[in-house]
Amino acid sequence: MLIFEVELLHGTYRADPDGSAPTGRQTHGEWPPSPARLLAALIAADGTRERCRRTTGSELDLLAAAGPPVIHADPGPHHQPLQERYVAGQDRARSQQQEYLARKGVLVRPGVRVTLRNPLVRFVYDIEISDTDMAALEYRAARVGYLGCADSPVKITVAQDSDLSADIDRGLAWIPDDEGEELVNIHTRGDVKRWMAAFDAWSQHGATRGQTRRHQPRTRYRHPNDPIPNPDLGRVRAWLRFQRPLAGRRAVVVAHGLKQAALARYQQQYGEPPAWLHGHVNNGAEYQLARFLALPNVGHPYSDGKVHGAAVWVPGGVDETEARNLANVLFSMESLSLAGGKKVAVDRSREGWTTNRRRWTGPARRWVTALPAVNDRHGRIDSNAVVRWCEQAGLPKPIKYRISRKPLLPGGVDLHPTETRRPGHSQTRPYAHIGLVFEEPVMGPVVIGAARSYGLGLCAPCDPPEAAA
């Protein structure tokens, strides 16, 4: 195990992860710090090829080829957008800056500064390294002064095995996970050669944007506050945010359109979809099916119940290859066609609370439906029905419950009976909004009722902040 400990000497960090800072629309800075910046800083510390003084450069290739490291960093820093300002430009101009003759004012957008409670960041690599390469990395680390940008001075130390591992707080770990929500720039094999090619081009022609092709691979990390997923309980494989919100009454239409699009793309790319995806199960062995969830804006006083995105939940125990194929299909969607010829675009440039994984996964003891739950029978909805729904959804028996014809959450969607019909069904069934209290916290997303495959019965966690803490 190879550990780089980075101390941010000012207790702040400012870096632009995707080049959006000059637009003035950036709301969150880069966090956690990118491992690619660590590699770049080490390259600059002693150069490459004939510019190396006390190293050979082989240690850089070894580090670049290592997999994404586990990053131990502050899980909840404060992101502060910096104020725009005008500075004197370098070129001469007729219009003058007030205090600089023959200079023109130039707008500068500094981006976002991240303020930390814990200034220590550790990159933990699971690789073996020789004593020679270790000494070379120590020499390079001692010469690094900045990480990311000029106003983030750092001090870097490097160690192996137990030198620093005893001090690592497991609760601060950002772990590489294909289903994580955080995108982090990383380094890959061959990055050192790409840096050398960029340096050669700069040496001959100067620094211009068009000389080298941007190469910045990314990987997904799981946030330290996100619980470790249990494959046996099922998990959401994709979270999609729409470019414009839709009326909450179209929740079933959105879920049906997403299912049809997923089936068509899966058929085209990977062949016959599995039974848990299309839902036509003959033997009844696979009772848990994929759930296509429309995500409404609920839970705060100004919620309007509009659908801001969608998610797809995959039951536990399914073939991992099939689940990954579905995830690839969903992430490749650029738009979604709905009934009536309408189309909504998928927006991947920003995130929102309504389509955030932590909004719907809990864990929590109290859950309340954002969309009404539909009865699996034509009889009256009572305590037996609520307990049966929880059992069918794989949930424990609730210790308390509440049944209401009207929404129990601010922004909860109140559907017309015809709007609860599942596609292909002409008859309506009784439905209601439900409040549930479990004895122990339950992981979400929680979806109950007969139409849970189309997102009806979707619940939002309602534990008070002190209970969640």
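Me: What should I keep in mind about numbering and confidence here?
Reply: Residues are numbered from 1 along each chain as its sequence is written, and side-chain values use heavy atoms, with hydrogens and water left out. As this is a predicted model, local features need pLDDT of at least 70 and side-chain atom pairs count only at pLDDT 80 or more, while totals for chains, interfaces and linings use all residues.

Me: Why is Gln392 called buried?
Reply: Buried means under 20% relative accessible area, exposed over 50%, and partly exposed in between, with a 1.4 Å probe and protein chains only. Gln392 has a relative accessible area of 15%, so Gln392 is buried. Gln392 lies in helix α10, residues 383-392; helices are DSSP runs of H or I with at least four residues, strands are runs of E with at least two, and both are numbered from the N terminus.

Me: What makes the pair Gln392 and Asp376 a polar contact?
Reply: The term covers a pair of N or O atoms within 3.5 Å; within protein, one must be able to donate a hydrogen and the other to accept it, and residues adjacent in sequence count only if both atoms are side-chain atoms. The side chains of Gln392 and Asp376 are joined at 3.0 Å.

Me: How do you know whether Pro17 is buried or exposed?
Reply: Pro17 has a relative accessible area of 17%, so Pro17 counts as buried. Pro17 sits in the loop between β2 and α1.

Me: What makes a set of residues a nonpolar core, and which residues have the most contacts inside the largest one?
Reply: A nonpolar core is a set of buried Ala, Val, Leu, Ile, Met, Phe, Trp, Tyr and Cys residues joined through side-chain atoms within 4.5 Å. The largest has 40 residues, and Leu2, Phe4, Trp31, Leu42 and Tyr125 have the most contacts inside it. Elements that each supply at least two of its residues include β1 (2-8), α1 (35-46) and α3 (131-142). The largest share, six residues, comes from α1. Apart from this core lies another of 38 residues, among them Ala238, Tyr266, Trp276 and Val312.

Me: Why is α1 described as mostly covered?
Reply: Ten of the twelve residues of α1 are buried. Among them are Pro35, Leu38, Leu42 and Asp46. Gly47 follows α1 and has a positive phi, near 70°.

Me: What does Leu42 contact, leaving aside its neighbours within four places in sequence?
Reply: Contact means heavy atoms within 4.5 Å. Leu42 is in contact with Phe4, Leu60, Leu63, Leu137, Arg140, Ala141 and Val144.

Me: How do you know how α1 is oriented against α3?
Reply: Axes are lines fitted to C-alpha atoms, for helices over the stretch in contact, and angles run from 0 to 180 degrees between N-to-C directions. α1 and α3 pack at about 90°, with axes 8 Å apart. That makes α1 roughly perpendicular to α3, because angles under 35 degrees count as roughly parallel, over 145 as roughly antiparallel, 65 to 115 as roughly perpendicular and the rest as oblique. Leu42, Ile43, Ala45 and Asp46 in α1 meet Leu137, Tyr139, Arg140 and Ala141 in α3.

Me: What makes α2 and α3 roughly perpendicular?
Reply: Their packing angle is about 90°, with axes 9 Å apart, and α2 and α3 are therefore roughly perpendicular to each other.

Me: Why are β1 and β8 called paired?
Reply: Two strands pair if DSSP finds at least two bridges between them. Six bridges join β1 to β8, and the two run antiparallel. Glu7, for example, has Leu120 in β8 as its bridge partner.

Me: Why do β9 and β11 count as edges of their sheet?
Reply: The open sheet has seven strands in the order β9-β1-β8-β3-β10-β12-β11, with antiparallel pairing. β9 and β11 (182-185) each have a single partner strand, so one side of each is left without a neighbour in the sheet.
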